[in-house]
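Please keep the sequence and the model open while reading this note.

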Amino acid sequence: MTFPIKLASRLDPIKPSITLAVTAKAAKLKADGIDVISFGAGEPDFDTPEHIKQAAREALDKGAVAKYTEVGGVLPLRKAIAAELSAVHNTKIEPDQILVSSGAKHSLYNLFMALIDPGDEVLIPAPYWVSYPDMVMLAGGRPVILETKAEDDFAVTADQVRNACSARTRAIVLNNPSNPTGAVYTRAQIEALAKVVVEKDLLVISDDIYRQLVYGDAEYVSIAAAGGPEVAKRTILVDGVSKTYAMTGWRIGYTAGPLPLIKAMAKIQGQSTSNPTHIAQVATLAALTGPQDCVGTMRKAFDDRRKRMVELLRAIPGVQCREPKGAFYAFPDVSAYVGKKSPEGSILDDDVQLCDWLVEVGKVAVVPGSGFGAPGFVRLSYATSMKNIEEGVARLAKSLGTLK
Ligand SMILES: Cc1ncc(COP(=O)(O)O)c(C=O)c1O
């Protein structure tokens with residue numbers, strides 16, 4: 001049935017998430033019986049660790065999770081989160097300063113809704129996670145995109161931030177390690193950014209969802225800890241269990257920040273979703289307070305796959321791939337293949353058309369860089385088996401090799 005329903009104009013600038021679209025397209029082809037290898041998903045391929053599942057089972061059997069909880073999450077969970085974040089960021093965070101939401105994406109949505117007035121500007125370094133600009137726009141704000149370069153390891157500089165600030169600038173989003181690039185800021189880069197944050201009186205929205213997934217000699221440096229109290233008081237921490245504990249489907253993320261902001265976000269959450277799922281809160285408490293060796297085991301597997309994927313990508317003629325040092329994505333430059341002609345006779349004018357062709361003809365799904373504000377690049381998740389990595393990158397190499 002088609003009925004010409006008028007939709008709210010606030011949706012006009014909003015695009016659907018390109019990562020979800022690529023993942024859905026690959027899943028549809030697979031459901032149709034086509035053998036597609038997907039590097040689209042931004043989630044671990046591992047199951048949630050057993051002790052976390054066991055805690056959820058026990059709570060369910062005890063009849064302990066059938067009821068609503070406090071909007072912002074149960075106190076034992078907020079205490080555990082506050083303790084962990086206080087230690088990581090070297091600042092005292094009280095349980096009242098924590099809001100637990102239905103995934104870090106939900107945390108960020110509540111945050112922008114609570115913070116941004118129409119016309120307020122938010123600095124977003126590119127390549128960026130797909131949802132930041134759209135969430136800022138949904139809140140009526142203006143995303144101000146700061147371009148970074150692969151040769152600078154995709155790090156935004158203090159000067160860029162300084163020069164981009166206007167009277168309307170409220171905040172900068174810092175996603176470290178980064179989705180989609182896998183870049184990790186060095187201590188010196190974080191310290192330089194910390195200075196400009198105080199100088200320009202900015203808030204830092206620190207999206208730390210991948211902070212425990214760093215490899216080799218890279219280290220996660222907290223801007224709140226590195227910058228001291230002046231920066232810590234301006235920093236809003238967004239974190240969660242999705243990526244670290246293979247818990248994407250449980251949908252738990254959290255925010256730590258100044259009390260008035262957390263209360264405002266809780267007001268929004270209280271008028272929309274209410275509490276995040278009770279059983280998922282119990283599982284998250286087990287994740288944060290239980291044994292942590294599962295994190296190291298998964299990190300080691302990601303690291304091995306990362307090395308193999310980068311090695312294979314670098315062997316493809318014309319593909320440039322810098323070393324991702326965190327998260328679970330490789331972000332190669334494939335611009336040498338944009339504008340080329342496929343054997344079927346179509347010109348692949350941009351990275352979106354290239355990725356469409358790759359999934360349909362090459363049977364390998366990768367995400368176009370345009371969705372992350374980086375045309376000419378593609379994102380591949382290495383949170384998949386070594387077998388898929390070897391076969392999938394071989395398909396990529398073979399397909400690209402047929403372009404003229
Ligand atoms: C940078 C970044 N922030 C936030 C999220 C949201 O995570 P969650 O699954 O907890 O909503 C993601 C998930 O892809 C992400 O990559």
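1. In strand β8 (residues 253-256), Gly253 and Thr255 point one way, Tyr254 and Ala256 point the other way, and all are buried. Buried means under 20% relative accessible area, exposed over 50%, and partly exposed in between, with a 1.4 Å probe and protein chains only. In a regular strand the side chains alternate between the two faces of the sheet. Strands (E, at least two residues) and helices (H or I, at least four) are DSSP runs numbered from the N terminus.

2. This is a predicted model, in which local features need pLDDT of at least 70 and side-chain atom pairs count only at pLDDT 80 or more, while totals for chains, interfaces and linings use all residues. Residues are numbered from 1 along each chain as its sequence is written, and side-chain values use heavy atoms, with hydrogens and water left out.

3. Which strands pair with β8? Strand β2 (residues 98-101) runs antiparallel to β8 over 4 bridges, and Ile98 stands opposite Ala256. Strand β7 (residues 235-240) is also joined to β8 by 4 bridges in the antiparallel sense, with Gly240 as the bridge partner of Gly253. Two strands pair if DSSP finds at least two bridges between them.

4. The whole structure holds 10 aromatic pairs. Rings of Phe, Tyr and Trp (its six-membered ring) pair if their centres lie within 6.5 Å; planes under 30 degrees apart count as stacked, over 60 as edge-to-face and the rest as tilted. One of the pairs, Phe302 with Phe328, is tilted, at 5.2 Å centre to centre and 50 degrees between the planes. Phe302 lies in helix α12 (residues 293-314) and Phe328 in the loop between α12 and β9 (329-330), so this pair ties together parts 26 residues apart in sequence. Both residues, Phe302 and Phe328, are buried. Ring pairs also link Phe46, Tyr210, Phe302, Phe328 and Tyr329 into a cluster.

5. Ala218 sits in the loop between β6 (203-207) and α8 (223-227). Is Ala218 buried or exposed? Ala218 has a relative accessible area of 17%, so Ala218 is buried. Apart from neighbours within four places in sequence, Ala218 is in contact (heavy atoms within 4.5 Å) with Val184 and Lys325.

6. For the pocket, the lining is worth checking by class. Of the 25 residues that line the largest pocket, Leu20, Gly42, Lys105, Trp129 and Lys243 lie nearest its centre. Helices α1 (18-31) and α4 (104-115) each supply at least two lining residues. A pocket is an open set of points on a 1 Å grid over the protein atoms alone, where a 1.4 Å probe fits, with protein on both sides within 12 Å along at least five of seven lines; lining residues have an atom within 4 Å of a point.
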